[in-house]
Amino acid sequence: MKQYVDLLTNIITNGEVRNDRTGEGTKSIFGGHISFDLRERFPLVTIKKTLWKSAFIEMLWFLRGESNTSFLKKHNVPIWDDWADADGNLGPIYGVQWRSWPGKSFISVDIADGDVTNVDSRSIKVSARQDANIDQIKVLLDGIKKNPNGRRHIVTAWNPTYLDMMGLPPCHRDFQCYVSNDGHLDMMMSIRSWDTGLGAPFNIAQYAFLTHLIARATGLVPRFLKINYGDAHVYLNHVDKLSQMLETKQVIDCPTELIINTENVDIDGYHPDDFHIKGYESHEFIKLPIAV
């Protein structure tokens, strides 16, 4: 997991100090790419402990298409509590867009032959159409199976119409899948805003996890996870702890493996207890405050 350490070091050393929405301030760089070969190991950050089970539960929650934190609370994952209302509602965030993207509305107006200068002489016909909501995950899986060479294997959470209704607009805004001729599945995730101290280890773990689940559902072998980032940053109140970590800790090289303890291949049929990580070693967990 040297790539994570190199990214964090670059931001702390060379990042631009910027004001931000939360008021905490950040050190930030813009634009870059990291990649992991999932055939070698399951990518978990080792310079500090990654709470991989919570990351997996959050991803299963996204796949459930829910906008309420009740599933997370049931499994003792509080990571969305700061953005939810008193009833745990978050609005149409990731899962809603993934599993029930609002269907398109279309209104057409046809004007029959007549005197265009005289409204009374024209026949006007108005027709409307409202399509059903779109399950992007189902469309993705069907597309991979039926047309593996397709270039439209994309799921997006970035829906401009609904951004102001979301508890937090999507940071990891979309992902695209690629099927190789020899039966491997690659995923490229794009993230517009990346909290590298707190969020990045989580996101790496959960998108590697999602790549495995999609590969399993489509009969493929997971290969590469690629992450494109826009604004990658460290909050100023995280810098001291992370700098100390980088100065005193070394990356632990361990052959981490994802174990799936079920015959299920249905992406909607999993339970958090179906998954286990084998061989993971890390330094201690570092608690960092969340910027809301």
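**Aromatic pairs and charges over rings**

Biologist: How many aromatic pairs are there?

Modeller: The model is predicted, so local features need pLDDT of at least 70, side-chain atom pairs count only at pLDDT 80 or more, and totals for chains, interfaces and linings use all residues. Residues are numbered from 1 along each chain as its sequence is written, and side-chain values use heavy atoms, without hydrogens and water. Rings of Phe, Tyr and Trp (its six-membered ring) pair if their centres lie within 6.5 Å; planes under 30 degrees apart are stacked, over 60 edge-to-face, the rest tilted. By this rule the count is 15 aromatic pairs.

Biologist: What kind of pair do phenylalanine 42 and phenylalanine 56 form?

Modeller: Their ring centres lie 5.7 Å apart. The planes stand at 80°, so the pair is edge-to-face.

Biologist: Is phenylalanine 42 buried or exposed?

Modeller: Buried means under 20% relative accessible area, exposed over 50%, partly exposed in between (1.4 Å probe, protein chains only). Phenylalanine 42 has a relative accessible area of 2%, so this residue is buried.

Biologist: Over which ring does the charged end of arginine 39 sit?

Modeller: A charge sits over a ring if NZ of Lys or CZ of Arg is within 6 Å of the ring centre and within 35 degrees of the ring normal. Lysine 226 lies at 4.9 Å from the ring centre of phenylalanine 224. For arginine 39 the distance is 5.2 Å, and the ring is that of phenylalanine 224.
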